[in-house]
Amino acid sequence: MKEIKHFINGEFVGSSNGKTFENINPINGKQIATVHEGGMDEVNQAVSSARAALQSEWGSMDVNERVNLLYKVADGINARFDEFLEAECADTGKPYSLARHIDIPRGAANFKVFADTIKNEGTELFTMPTPDGTGAINYALRAPKGVIAVISPWNLPLLLMTWKVGPALACGNTVIVKPSEETPTTTALLGEVMNDAGIPKGVFNVVHGFGPDSAGAYLTQHADVDAITFTGETLTGTAIMQAAAVGVRDISLELGGKNPAVVFADCDMDKAIEGTTRSVFANCGQVCLGTERVFVERSIFDEFVERLKQSAEGLKVGVPEDKDSNMGPLVSKTHQEKVLSYYKNAAEEGATVVTGGGVPDMPEDLKGGAWVEPTIWTGLADDATVIREEIFGPCCHIRPFDTEEEAIQLANDTEYGLASSVWTENISRAHRVAAQIDSGIVWVNSWFLRDLRTPFGGMKGSGIGREGGVHSLEFYTELKNVCIKL
Ligand code: NAD
Ligand code: 6OD
C-alpha cells in the first residue's frame, strides 16, 4: 500500500505517534494509500522549520532569484503533469478531461502568475509639502508576513492549495500546508517538485491530518504562525477566525456559497443552457462557485427547465479515465450521505423532481463509490432547506421570476455572497444587474472564466478578504511606509 508522509524541512517523515488514516478512492470505496496523521510534534517541527527558513538563504534571496525558483516549480508540475493528473483524479474521482484542463494547469499557473505579479508590481509614492518648504517623500516597502498556515479543501485540491502557496512564496513567506484529509496526494507530490526545483529546505512544509483535535487545529492555534489562509466551509472558517484572534493574526477566508444564476428572457438560450449545465454539474457540483439556485424569467421558464433537464440527462456519469464521462462521484461516502439527505429533504418539502434525485445504477465494481444523480427541482418555497443551505452536490432548484427587481432580490436572498451568473444579451441590463448583486464575482454570459489578476473572494458568509493579483500581495506582505523629510 502506498504511504503518504509529511514533508517537513525538505524531507518526507512519518508521524512520531504512529497514527495513520486511509485515503479512499471515491469511485469504488477502495483504499489507495495510507496517510500519516500529524500531531502536535509534526506541527511544531514544521512551524520551527518554516521560521528558521525565513532566516536562511530564502530570507535574503532577491526577488529575481525567487521568481526564477517559482518558475521552476511551475515547470516541475508541468513536467510531471500525468502523475499529478492521475493522483488528483484518484483522490477525487473527477474526470481526467476536467482535471487536465483546469486543476493541473492552474496548479502550475498559480506559481507563474504570482511570480510575475511580485516582479512587476511597484509600491506607492507620495510627495508632500512641509511648513519649512523642503518637503518630504513617502514610499512603501513590502516585507513578507512570515510563517503562513495554508488550510485547504478537497474539491480542487492542487488548484486551491497552490492558489495560496504561489503568492505566499512569491512574497517571500514560508508555508505549512494542511491539505484536506480526503485529498492528500498532490500536495505531497508538490514536496518532491519543490526539492527538485531547489526551493530551500523549510520554505514549503506539509502536515497531513484532520481539523479539530488534529493537525488543522494545532496549526491554526500555533502561536508562531503569523497568518492563516483558509478555503473551506463557513463553519470551519468561524473556528479558524476564533483561533486567529489569539495573537491578533491576519486571516484570509474563502468560504461557502449558495450561488444564483439569473436567466433573462433576452438571453442566448443555447449559451445559458451550456453555461448553467457546467455551473451546476461540473466537478459533480463540488465547486464553491457553482450554481445551486437558478432564477428564470417566466416567459422562458418551461423551455429552460425542459432544456436543462435534457442537458443533465445527457451527462455521462463515469470513471475518470472514461473519455466520454463528464461527471465523477462525490468525494466520499460521507459527502454522498449528506447530499442524498438533501435530495430526500427536497422531496419531503414538496419539490417537483424534474430529473435525478437518487443514486445512478453503476456496474458491480463501482457500487462502493460515492455516486449520485444530477438532480433538478422546481416548485419549492423560497425558505425550503435546499434553497437556503449549501449542498455542494450536482443539483439545483429552478424558480420563475417576473421582473428585474424581483430577480435581484431573489439572487440576494441568501446569507452567502460568493459568485453569480447573469444571462442576458442586453448590455445595459447586464451592467445594471451585476452592480446590484451582492457577490464577490458576477459572471455575465459565462461561468468560471478566471483572470488571476482580478480580486477573488466572497461577501457576507462567503468570506473575508480578496486574493488574486495585487490583492494577494496585500494579504501576503506587510506594507511599511517610509517618510523621508528632505
Ligand atoms: P472543510 O471546512 O470541511 O475543510 C477544509 C479544511 O479545513 C480541511 O483541510 C480540514 O481538515 C480543515 N479543518 C476542518 N476543521 C478545522 C479546524 N477546526 N481547524 C483547522 N482546520 C480545520 O471544507 P471542505 O469540506 O474540505 O470543502 C468544501 C467547502 O469548502 C464548501 O463549503 C465550499 O463552498 C468551500 N469552498 C470555498 C471556496 C472559496 O473559494 N470560497 C473554494 C472551495 C471550497
Ligand atoms: O479560481 C480560483 O482562483 C479559485 N479560488 C476557485 C475556487 C473554486 C472553488 O471551488
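## Close-up views of two ligand sites

View 1. The largest pocket is the space taken by ligand 1. Keep in mind, as you look around, that this is a predicted model. The shell around ligand 1 counts 31 residues, and those that come nearest are Lys178, Glu181, Thr236, Leu255 and Glu390.

**View 2. Polar contacts of ligand 1 are made by side chains and by backbone.** Start with tryptophan 154, where an N or O atom in the side chain is 2.8 Å from an oxygen atom of ligand 1. Glutamate 181 also uses its side chain, with a polar atom 2.7 Å from an oxygen atom of the ligand. At leucine 255 the backbone takes part: one of its N or O atoms lies 2.6 Å from a nitrogen atom of ligand 1. The protein buries 92% of the 850 Å² that ligand 1 exposes when taken alone. Glutamate 181 and leucine 255 are also among the residues that come nearest to this ligand.

View 3. Around the ligand you will find Arg106, Asn155, Leu156, Leu160, Trp163 and Glu254, together with Val287, Cys288, Leu289, Phe448, Arg450 and Phe456. Sorted by class, this shell has eight nonpolar residues, three charged ones and one polar one.

View 4. The side chain of arginine 106 places a polar atom 2.8 Å from a ligand oxygen. For asparagine 155, an N or O atom in the side chain is 2.7 Å from an oxygen atom of ligand 2. Cysteine 288 contributes through its backbone, with a polar atom 2.8 Å from an oxygen atom of the ligand. On its own, ligand 2 has 310 Å² of accessible area, and the protein covers 100% of it.

**View 5. Ligand 2 lies between two domains.** Step back to see how the chain is divided: domain 1 spans 2–255 + 462–485, and domain 2 spans 259–450. Why does ligand 2 lie between them? Both domains give residues to the shell around ligand 2, so that is where the ligand lies. The C-alpha centres of the two domains are 31 Å apart. The domains also touch each other directly, with 25 residues of domain 1 in contact with 30 residues of domain 2.

Definitions and conventions. Residues are numbered from 1 along each chain as its sequence is written. Chains are lettered from A and ligands numbered from 1 in the order in which they are written. This is a predicted model: local features need pLDDT of at least 70, side-chain atom pairs count only at pLDDT 80 or more; totals for chains, interfaces and linings use all residues. Side-chain values use heavy atoms; hydrogens and water are left out. A residue is near a molecule or strand if one of its heavy atoms lies within 4 Å of it. A polar contact is a pair of N or O atoms within 3.5 Å; within protein, one must be able to donate a hydrogen and the other to accept it, and residues adjacent in sequence count only if both atoms are side-chain atoms. Accessible areas come from the Shrake-Rupley method with a 1.4 Å probe; for residues, only the protein chains shown count as cover. Ala, Val, Leu, Ile, Met, Phe, Trp, Tyr, Cys and Pro count as nonpolar, Asp, Glu, Lys and Arg as charged, and the others, Gly among them, as polar. Domain bounds come from an automatic or database domain assignment. Contact means heavy atoms within 4.5 Å. On a 1 Å grid over the protein atoms alone, a cavity is a set of points where a 1.4 Å probe fits but cannot get out, and a pocket is an open set with protein on both sides within 12 Å along at least five of seven lines; lining residues have an atom within 4 Å of a point. A molecule sits in a cavity or pocket if more than half of its atoms lie within 2 Å of its grid points.
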